[in-house]
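Dear colleague,

I am passing on to you the structure we talked about handing over, together with some notes on it. Please look through the sequence and the coordinates before reading on.

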Amino acid sequence: MKNRAWLFLLPALAFMSISAVIPLVTVVNYSQNYIFAGSMPFFVGVENFVEVLQDSQFIDAVIKQFVFTFLVLIIEIPLGIIIALAMPQKGKWVPLNLVLLGIPLLIPYNVVGIIWRLFTQADIGVVPNAFKLFGYMYNVTLNSNDAFFTILTVDVWHWTPLIILLSYAGLQAIPSAYYKAAAIDGASKWNTFKYVTLPKLRTVLTIGILLRFMDSFKIYSEPLLLTGGGPGTATTFLSLFVSRKAESYELGYASAASLIYFFIVLVLSYIFFQFISRVGRGVHHA
């Protein structure tokens, strides 16, 4: 039996399937009922979904989420590749660089939110005091732009190292023969990057983009601890919006919103994967 190794994975796969299916079935059941604290469930079919899709607050949270995710991808992916290319490929400093880059990834989400909350406090925070030097009154609790871009900065600081490490590993796996051939052909640095480096990084970049897309869509602890979703709803992203509906015991509404949330992530992840794969194949064949 050639695929005997799969037998060892079956118990784990079965457990994961059960642990994933039961909550999903429960959420689907809740989404078809009006459920409030202290009252019996009342079946309403798809009315919760209609209510969610017509809710201006939900639509606003979706728009904010898309803007945030778009900015995360266009900043972190190029920045990660650039830093990986600038890092030394050999030498005694390589292990130190890799360890230092991995430090932000080891910090839990909630600790990240607490750390940056201290950094951005109006009275003692280093960020407001740094902006004062340039004559700008930074206030993450009152200025919606400050709050949004602070959350974005936190995410870039926390997760760009993941893209750097993936890109660096991909660069290390590219045989030097490709670069020698490009040099013999007289290829410029840009053409070498475009036709050699980038196609060879396609696999790791696909993984990195998908991970960052999905992770950015479920951002929760950082805005909760740093801004509380405010000021107003400036940093109330989808996960925070759904959780607050559930906390207020609007379980039917929250379940419908979470299923729409899940569907958006699932469909867009598939589209991203297909698009990146086709672009990568086109660049490779070119």
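What follows is a short account of what was found, from the whole chain down to a single residue.

Please bear in mind throughout that this is a predicted model. The protein has 286 residues, of which 38% count as buried, and its secondary structure consists of 13 helices and two strands. Taken along the principal axes, the box filled by the C-alpha atoms is roughly 75 × 70 × 35 Å.

As for the surface, the accessible area of the protein comes to about 16,800 Å², and carbon and sulfur atoms hold 72% of it.

One surface feature may interest you, namely a nonpolar patch made up of Leu24, Val28, Phe262, Phe263, Leu266, Val267, Tyr270 and Ile271, which together have about 750 Å² of accessible area. The elements that contribute two or more residues to this patch are α1 (5-31) and α13 (251-285), and the largest share, six residues, is that of α13.

On the α1 side, Leu24 is found in that helix; Leu24 counts as partly exposed because its relative accessible area is 38%, which falls between the 20% limit for buried and the 50% limit for exposed residues.

With best regards

Terms used
Residues numbered from 1 in each chain as written. Predicted model: local features only at pLDDT ≥ 70, side-chain atom pairs only at ≥ 80, totals over all residues. Heavy atoms only, no water. Helix = DSSP H or I, 4+ residues; strand = E, 2+ residues; numbered from the N terminus. Buried < 20%, exposed > 50% of the residue type's maximum accessible area, 1.4 Å probe, protein only. Areas by Shrake-Rupley, 256 points an atom, 1.4 Å probe, with all protein chains shown as cover. Patch = residues over 30% accessible without salt bridge, like charges linked within 9 Å, V, L, I, M, F, W, Y side chains within 5 Å. Salt bridge = Lys/Arg side-chain N within 4 Å of Asp/Glu carboxyl O.
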